[in-house]
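This briefing goes through one protein model, part by part. Keep the sequence and the 3D view open while reading.

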Amino acid sequence: MKYAIETFDLKKQYKNFIAVNSINMKIPNKTIFGMLGPNGAGKTTTIKMLTCLAQPTSGTATVGGYDVKENPDEVRELLGMVPQQVSLYKDLTIKENAELCADYYGVPVDEKFDRIDELMELVDIKYAQDKTINQLSGGQKQKASLVASLVHRPDILFLDEPTIGLDPTTKRVLWNLIEELNESGHTIILCSHDMHEVDMLCDNVGIINTGNLVAYDTPQGLKDQLLKEQKEEYSENIKIALSKIYEENNKDSEDIEEDDEFSKPNGANSKWADRERDIKITKELHLKEMSFLVKNLSDKIVDEIINNPNVFSVDIINNERVTLKIESFGEGVITEVLKSVLNNGGLIESIYTQEPSLEDVFIKATAEVDENARA
Ligand SMILES: Nc1ncnc2c1ncn2[C@@H]1O[C@H](COP(=O)(O)OP(=O)(O)O)[C@@H](O)[C@H]1O
Ligand SMILES: [Mg+2]
């Protein structure tokens, strides 16, 4: 079996409202899948259909090879679920809750206690095994929930915002645990708003917006795709910007006769002013930021960098930290900038460039469909 989960036009409609709109996706076996999407996008509804808590209106899905409509009992046996709101019995202890789950799934009695012990050690909560759920902190509750959901050794584990509200240290413990579970063969479906978490842990990411699957790829694939789109968008924006500048200058020259200020060849400073105008007009422009620390920074170096046509802004702090906005796709722009520094006696001590983040991808993917929905 290649895919842990496959959906086929999976749809959920509440009266006239389509919560999940014919989603088709495949989640490879033994991978970590991240489900992203704004509030109300349809994530929980999708998970509910995949875990047999809600019936699809049309279409279907297979989980571990079993159809959620035809074989819900087999599907339930295969999966574990850590819901966003911990759904354990609050007056029972961690151990008692785990025992109840083990009994529900028919875990053999002679194995049950060993498994529970093992899991409590794995998530490091054994020290609190006799505390009731009421007495636990948020992170401890999440761990208790994990123990209970793993006791029947599910192949597929659903985690709905498992690290929300946890302190950074406990988050890390859970991240490590998710990775360990995956390495030992579990497929993991992770719903999260934490882009860093998803970027770091997930093999594939699906972005859901207004019931539609609007993006599906590896985290790197999504970021690369955004870079490509930005390149196209950029070329378009630069065309618009240039024509606007041209129009503006034509207007000026009507007032001040034949004063072609725009193309007048003067020093770096006025050229610079023109470029600043470009930036103002193309606010939407996605530029890449680059920052470096230079010893022996001189006017010559700065002049050369300012005059590089692929450099859009230059900030200099303490006469050593240079921050540039550069055209991401300008041929060899980074090399040229570095040459300007090195050929003029500068010494580079550190360099930093900023690539698009998964958050940028998310914002773009979810904004686009909003516009489609409005149209
Ligand atoms: N039982 C229901 N009846 C009517 N509408 C619902 C029901 N459950 C969810 N919805 C609606 O479906 C949409 C998707 O909800 P949900 O899947 O919970 O979103 P998410 O988990 O992505 O925040 C929301 O607009 C929500 O109001
Ligand atoms: Mg939800």
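The model is predicted. Its protein chain has 12 helices and 15 strands. Of the 375 residues in the chain, 33% count as buried.

**The chain as a whole**

- Contacts between residues at least 6 apart in sequence can be sorted by how far apart the partners are, and 70% of them join residues at least 24 apart.

**Around ligand 1**

- The residues around ligand 1 are Tyr14, Phe17, Ala19, Gly37, Asn39, Gly40, Ala41, Gly42, Lys43, Thr44 and Thr45.
- By class, this shell has four nonpolar, six polar and one charged residues.
- Strand S2 (17-23) and helix H1 (43-50) each supply at least two residues of the shell.
- The largest share, three residues, comes from H1.

**The six-stranded sheet**

- Six strands form an open sheet with mixed pairing, in the order S7-S8-S9-S4-S10-S11.
- At the edges are strand S7 (79-82) and strand S11 (212-217), each of which pairs on one side only.
- On average, neighbouring strands of this sheet are turned by 15 degrees against each other, direction ignored.
- Strands of a sheet pair through backbone hydrogen bonds, and the pairing is either parallel or antiparallel.
- Strand S10 (residues 204-209) pairs with S11 in the antiparallel sense, over five bridges.
- Asn209 stands opposite Asn212 in S11.
- Helix H1, which also contributes to the shell around ligand 1, lies across strand S4 (32-36), strand S8 (156-160), strand S9 (187-191) and S10.
- The angle between H1 and S8 is about 155 degrees.
- Helix H5 (residues 138-150) lies across S7 and S8, and runs at about 165 degrees to S7.

**Helix H3 and its cover**

- Which residues of helix H3 (residues 94-104) are buried? They are Ile94, Lys95, Asn97, Ala98 and Ala102.
- These residues are on the same side of H3, because they cover an arc of only 160 degrees around the axis.
- An α-helix has 3.6 residues a turn, so residues three or four places apart point the same way.
- H4 and H5 are among the elements that cover the buried residues of H3.
- After H3 comes Gly106, with a positive phi near 70 degrees.

**Ala128, in a loop**

- Ala128 is found in the loop between helix H4 (109-122) and H5.
- Is Ala128 buried or partly exposed? Ala128 counts as partly exposed because it has 18 C-beta neighbours inside 10 Å, while a buried residue needs 20 or more.
- Leaving aside neighbours within four places in sequence, Ala128 is in contact with Ile94, Leu136 and Gln140.
- Lys95 is 33 residues from Ala128 in sequence, and the two are 9.1 Å apart in space, C-alpha to C-alpha.

**The four-stranded sheet**

- Four strands form an open sheet with antiparallel pairing, in the order S13-S14-S12-S15.
- S13 and S15 are the edge strands, each pairing on one side only.
- From one strand to the next, the twist averages 20 degrees.
- S12 and S15 pair in the antiparallel sense over seven bridges.
- The bridge partner of Lys295 in S15 is Leu347.
- Helix H10 lies across S13 and S14, running at about 155 degrees to S13.

- The buried residues of helix H11 (residues 333-343) are Val337, Ser340 and Val341.
- Seen down the axis of H11, these residues fall within an arc of 95 degrees, so they line one face of the helix.
- What do the buried residues of H11 pack against? They pack against strand S12 (288-295), helix H10 (299-306), strand S13 (311-317), strand S14 (321-326) and strand S15 (347-354).
- The face of H11 turned away from the buried side carries the exposed residues Thr335 and Asn343.
- Just after H11, Gly345 has a positive phi of about 85 degrees.

Methods:
Residues are numbered from 1 along each chain as its sequence is written. Chains are lettered from A and ligands numbered from 1 in the order in which they are written. This is a predicted model: local features need pLDDT of at least 70, side-chain atom pairs count only at pLDDT 80 or more; totals for chains, interfaces and linings use all residues. A residue is near a molecule or strand if its C-beta atom, placed from the backbone, lies within 6 Å of it. Ala, Val, Leu, Ile, Met, Phe, Trp, Tyr, Cys and Pro count as nonpolar, Asp, Glu, Lys and Arg as charged, and the others, Gly among them, as polar. Two strands pair if DSSP finds at least two bridges between them. Axes are lines fitted to C-alpha atoms, for helices over the stretch in contact, and angles run from 0 to 180 degrees between N-to-C directions. Two residues are in contact if their C-beta atoms, placed from the backbone, lie within 7 Å. A residue is buried if 20 or more other C-beta atoms lie within 10 Å of its own, exposed if 12 or fewer, and partly exposed in between; C-beta atoms are placed from the backbone. The arc is that of the directions from the helix axis to the C-beta atoms.
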